[in-house]
Amino acid sequence: MPGKLKVKIVAGRHLPVMDRASDLTDAFVEVKFGNMTFKTDVYHKSLNPQWNSEWFKFEVDDEDLQDEPLQITVLDHDTYSANDAIGKVYIDIDPLLYSEAATVISGWFPIYDTIHGIRGEINVVVKVDLFNDLNRFRQSSCGVKFFCTTSIPKCYRAVIIHGFVEELVVNEDPEYQWIDRIRTPRASNEARQRLISLMSGELQRKIGLKVLEMRGNAVVGYLQCFDLEGESGLVVRAIGTACTLDKLSSTAAFLPACNSPSKEMKEIPFNEDPNPNTHSSGPSTPLKNQTYSFSPSKSYSRQSSSSDTDLSLTPKTGMGSGSAGKEGGPFKALLRQQTQSALEQRGGSPHRFCRNREFPFFTLTAFPPGFLVHVGGVVSARSVKLLDRIHNPAFVGIMGNTRSYKLLDWNSFNSDEPETRDAWWAEIRQEIKSHAKALGCHAVVGYSESTSICEEVCILSASGTAAVLNPRFLQDGTVEGCLEQRLSWQPGFFSIGQEENLPAGCGFCHIPYDELNMPFPAHLTYCYSCRKQKVPDVLFTTIDLPTDATVIGKGCLIQARLCRLKKKAQAEANATAISNLLPFMEYEVHTQLMNKLKLKGMNALFGLRIQITVGENMLMGLASATGVYLTALPTPGGIQIAGKTPNDGSYEQHISHMQKKINDTIAKNKELYEINPPEIPEEIIGSPIPEPRQRSRLLRSQSESSDEVIELDLSHGKKDAFVLEIDDTDAMEDVHSLLTDVPPPSGFYSCNTEIMPGINNWTSEIQMFTSVRVSRLSNINLTNQTLNKNFNDLCENLLKSLYFKLRSMIPCCLCHVNFTVSLPEDELIQVTVTAVAITFDKHQAVQTTKTHVEKSLQRASTDNEELLQFPLELCTDSLGSHPFSPAKEHLESASSNSGIPAAQRAVSVEKASPLTEGHFRQRSAPACANSTVGVVKMTPLSFIPGAKITKYLGIINMFFIRETTSLREEGGVSGFLHAFIAEVFAMVRAHVAALGGNAVVSYIMKQCVFMENPNKNQAQCLINVSGDAVIFVRESELEIISTQQPIASCQPACGGGEIAT
Amino acid sequence: MTNELDIFVGNTTLIDEDVYRLWLDGYSVSDAVGLRVRSGILEQTGATAGVLQSDTMDHYRTFHMLERLLHTPPKLLHQLVFQIPPSRQALLIERYYAFDEAFVREVLGKKLSKGTKKDLDDISTKTGVTLKSCRRQFDNFKRVFKVVEEMRGSLAGNIQQHFLLSDRLARDYAAVVFFANNRFETGKKKLQYLTFGDLAFCAELMIQNWTPGAVGEQPPDPPPYSQVDDMDVDLDKEFLQDLKELKVLVADKDLLDLHKSLVCTALRGKLSVFPEMEANFKNLSRGLVNIASKLTHTKDVRDLFVDLVEKFIEPCRSDRWPLNDVRLFLNQYSASVHSLDGFRHQALWDRYMVTLRSCLLRMYHD
């Protein structure tokens, strides 16, 4: 019995009126963990009860501690009838289970009811006493740390990166159980919330066990998802990267902070104890894949015809980097492989430990310097599956008794069943792995998995970036095996040492595959940085831009959007139809991305995420990525338009008109994103030149680049331009749609990576937001064109709205813009966007050669200035320590906003400044003085600009259901969802504050499933969010602390945890 | 293609001050969009009308959700759903409770009941304030009134504590509550020239001097439930009763003559309207003293301002007394009483006259 959980119920406030007669409430609280329940006394006739209960003690297994949530129910006592539930709080006690995280959970939690939303708050204190248990065969994995962050967390050092961990758990969905017909919606929702909470607890525990087996102590890039498969059940699955992390000493924590992945990584000790056995377990045999490129349509038709027999409709696609301009199709990167052999291989090594070796995947998107050696390109695989009922044993379904929810791990329970979710994913991963191999890569980084479900059809997708990694960081023998193999292809390119001597920032662009045996036709040139290795003309990746990569100008968000109509069909026919459509969609998405990239004058995509969503009568594709200009890659050629019907005067004229428009757009974009690469004479390209000369040349040209006159059109004629053939109206539409994307208004940038390439002077003003739109397609006779246009408009308008709403933050960048598309009903398209807007300081960008002291002063003054300029920033910074006169700084910053029209600037400054009119009055108001709610920042990024994360408190993973039967009264669908999302944010913040934290990083809204039935006045929504709770300290404060007393005091900057009353 | 659902939720709740004002002013979404378009915001930002519409809707929805909390401002501070910086919270509250001069003049001194609410339509038409805004302002009055009505202690202080308003606004609300509670008539035609500021000024003085709370120290051990009079909201009944004693100043002919001669002697040559003053002294004095002695009747309390205007301000005004002469006269008029040997209620007289004098001076304008 290794744990004692202690809970104390302190007080409640703002409770709803439960007794109409007295306008008061007789509240009491039930505290439940596992199957033990305690109750407080009834606190009569109060909306602000003070229970001040004793400590309720639960003595439990640590297995239960990991799986079970603490469940707190607030009820209204009723002498004559059943007690009415006011609402519940679920507290995940996992953060208390590892030593370095939180020690106590204490604070005000919103009391949540799935029908009424938040109904008051309750103050709870939770503690755990853990006893050490050295049982080898334990089922718990207490102590393994989990991080959603997809890079090595800031106050840790990676000793070893072990590799991929995955797990999935399956159960029947309570919503679809027979009992749901007789129970209330509330009971059903609560059963669901509770079940998912249990399942994710179990999942996390199991993943933790795998990590312990691998001798790791943490999971980084932990991504957990739910598949609501409806009738056929509920799947909770998770992937992550197992690591051994070392906490950096407190002195190191006070080193000058860097927002980019930490530089401390430089000196990772070589792992001296690689397991020698692992060497042989990897697939070190030479590639035997039949890798060939071919016309997609042909291959896919074959694929689907074979699928009719076994229902496993798996179009297998891989997408490489590179394009082949002249041949016309960018989708020469199509790969197809026989997965058969690989699967057999897998069968030979059923042991879990070995399976990790089998998938050298990493969910990380940013890496310690030197980790990433080469990047091959994006690999992806999709598979269409038909869902059938997950056969659950009979004992599931007895409600009420908690342990009867015995969860099913499909692997262990029904392993003889061929159609398991686990096998499906294994198949896809195998696919990914072989694509990576074909690209000469032994590993996949930035790996992620997703599903799209409509009725009984499910599309499973996985994607990542094929890469060659530096084996120093890995324990894995597989990697070395592959590396050797690769090196044998390219003699003269061995040692890591030599690699490190290369000019920084181009190594990862060099092709990892064999030039003579390329997996797909691509244009290779010598690297524009080092001139020694070959690089492709275009590079697509799913990772963040490596910190050492050199880019020119700024990046921008690039999206490809696509709809395809599909006939309504049942089961197999439907699945077949979908798998027939998929390759075309992939192809078109790729083409669009390539066109838009060229139109922006850029040559690489980072953070690429392609989402294919299936609906009743259509498929939607949405690809988002951040385009940049990599110095190492060649200048992209332009886009040339060719008509198919010559000898038609007006037509020719039209074509040339279009061509001009496109050229203009490219020129404009180059100016907008400040892309002015140094001009390199043609003759240098293609012949390696001696290194010293090259280097000096490069340096010179870079320093000149600022005042160089931009000669934009230089490359168009010489290079192979990208040719668009216009042979019918469809193609015409495509070209038009290319040109409809309007750039963001001046002062705005956007990207879907962590940070914007080319901007590094962030201020600490951040605003995370979620925006949701649902559009109804009006006309019944939809065509692909109108559908495309509608979808395009929906996304573009959404972006425009965001820019407008956030205009007071200019100059600002929307980072980590994450679009999600779903098709909840026949004619409905739902787009959900989560992103963070970060203000940056234009003025500071120029001055990059500042000493540290100057910088820190400036930073301090930036904080100061913010206080004045942006009331959005909560006033938690102390003003006293800043040496600059606020007024002066204010003026300076106003004058630096040179990109904005003067009038508008004046407006925004005036509006934002709390010192101007209308504000002086509030100074005296008491509200300013005694705000009691601590500020909790939320961001999808892994860091907080201008601040240093001093402690990770644990993972936040929450699932909520909200339902209403009075939709109109709650303000319609918009009012309903707006309130719900605000409540979800509030509950996340409350949990973080209770852990003693003041921010959530790597926040993600993984699911937002919205269903409505306006006729019945009903709606339901499910939201799943996760992130890492942290304590951060402002850098300005940090310096003050460190100069005064250099000890590790991890006080949150805003005192977010404690809430005084 | 129409947007069925369109929302934006920030971790920090975005508040657009301009839109907030439009919302408070009671404009519908479409009117607000129209007004924003006219403000030239589209040109400034390059946004489209659709964007503006969506933005306005979104802000309106947020405000609608916040409104419930604004009804009890301390809740806004403690709630967890909307993360709003303290300065913005204060702004939201202050603006929500701000009211229009035109509106407040219409309802000042009226009973804050449902019956009056039906008249809001007329008030809206008359003042040009939208009905929605009238509703909000009226409900604010009523809400504040209900909360502080039964409360002991400083009226403005209570309001500030429970509604977190700025000093100034809390004192204005104190005046509104005071007027509503005592039902002073302010709507008569001859009172129309008085601004809310004038009346609030008078109310504040009366709260300071004429309520039970004004007597300085409170009863040492107040019986908890037998307190009949509220400290600040009602006039001091005992005081009003005592005011009857002042009647002797006009009823006793000798005293009246003596008073007149004292005042005339002191002011001779100092007033431009001396003859008029001399001729009118008895009328004016009778007016002021009679007002005092009648204040035991609720009806006469209600008519206090009407009486002040009829009995004192109008006569002076018709004789074209300059403001300074009025001041000199009132000072001398109240001071001379101290020299009347036969008069024993000096303290009572001062408590009455100090307030009245300031009120009259403030009210004496066109």
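Q: Which hand does the crossing of α16(B) and α17(B) have?
A: A crossing is left-handed if the near helix is turned anticlockwise from the far one by less than a right angle, and right-handed if clockwise. α16(B) crosses α17(B) in the right-handed sense. This is a predicted model, where local features need pLDDT of at least 70, side-chain atom pairs count only at pLDDT 80 or more, and totals for chains, interfaces and linings use all residues. Residues are numbered from 1 along each chain as its sequence is written, chains are lettered from A in the order in which they are written, and side-chain values use heavy atoms, with hydrogens and water left out.

Q: At what angle do α16(B) and α17(B) pack?
A: Axes are lines fitted to C-alpha atoms, for helices over the stretch in contact, and angles run from 0 to 180 degrees between N-to-C directions. Here the angle is about 145°, and the axes are 11 Å apart. α17 covers residues 274-294 of chain B.

Q: Which residues make the contact of α16(B) with α17(B)?
A: Contact means heavy atoms within 4.5 Å. From α16(B) the residues include B:Lys253, B:Asp257 and B:Lys260. From α17(B) they include B:Glu278, B:Lys282 and B:Arg286. By class there are seven nonpolar, two polar and six charged residues.

Q: How do α16(B) and α20(B) cross?
A: Their axes come within 9 Å and cross at roughly 135°. Angles under 35 degrees count as roughly parallel, over 145 as roughly antiparallel, 65 to 115 as roughly perpendicular and the rest as oblique. So α16(B) is oblique to α20(B). The crossing is right-handed.

Q: Which residues form the contact of α16(B) with α20(B)?
A: Among them are B:His259, B:Leu262 and B:Val263 of α16(B), with B:Leu328, B:Phe329 and B:Tyr333 of α20(B). The classes are seven nonpolar, three polar and no charged residues.

Q: Is B:Ser124 buried or exposed?
A: Buried means under 20% relative accessible area, exposed over 50%, partly exposed in between (1.4 Å probe, protein chains only). B:Ser124 has 14% relative accessibility, so it counts as buried. B:Ser124 sits in helix α9, residues 120-127 of chain B. Its side chain reaches the backbone nitrogen of B:Leu131 at 3.4 Å.

Q: Where is A:Pro512?
A: A:Pro512 lies in the loop between α11 (496-501) and β16 (524-526) of chain A. A:Pro512 is buried, at a relative accessible area of 0%.

Q: What share of chain A is buried?
A: Buried residues make up 62% of its 1061 residues.

Key. Helix = DSSP H or I, 4+ residues; strand = E, 2+ residues; numbered from the N terminus. Nonpolar A, V, L, I, M, F, W, Y, C, P; charged D, E, K, R; others polar. Polar contact = N/O pair within 3.5 Å; in protein donor to acceptor, adjacent residues only side chain to side chain.
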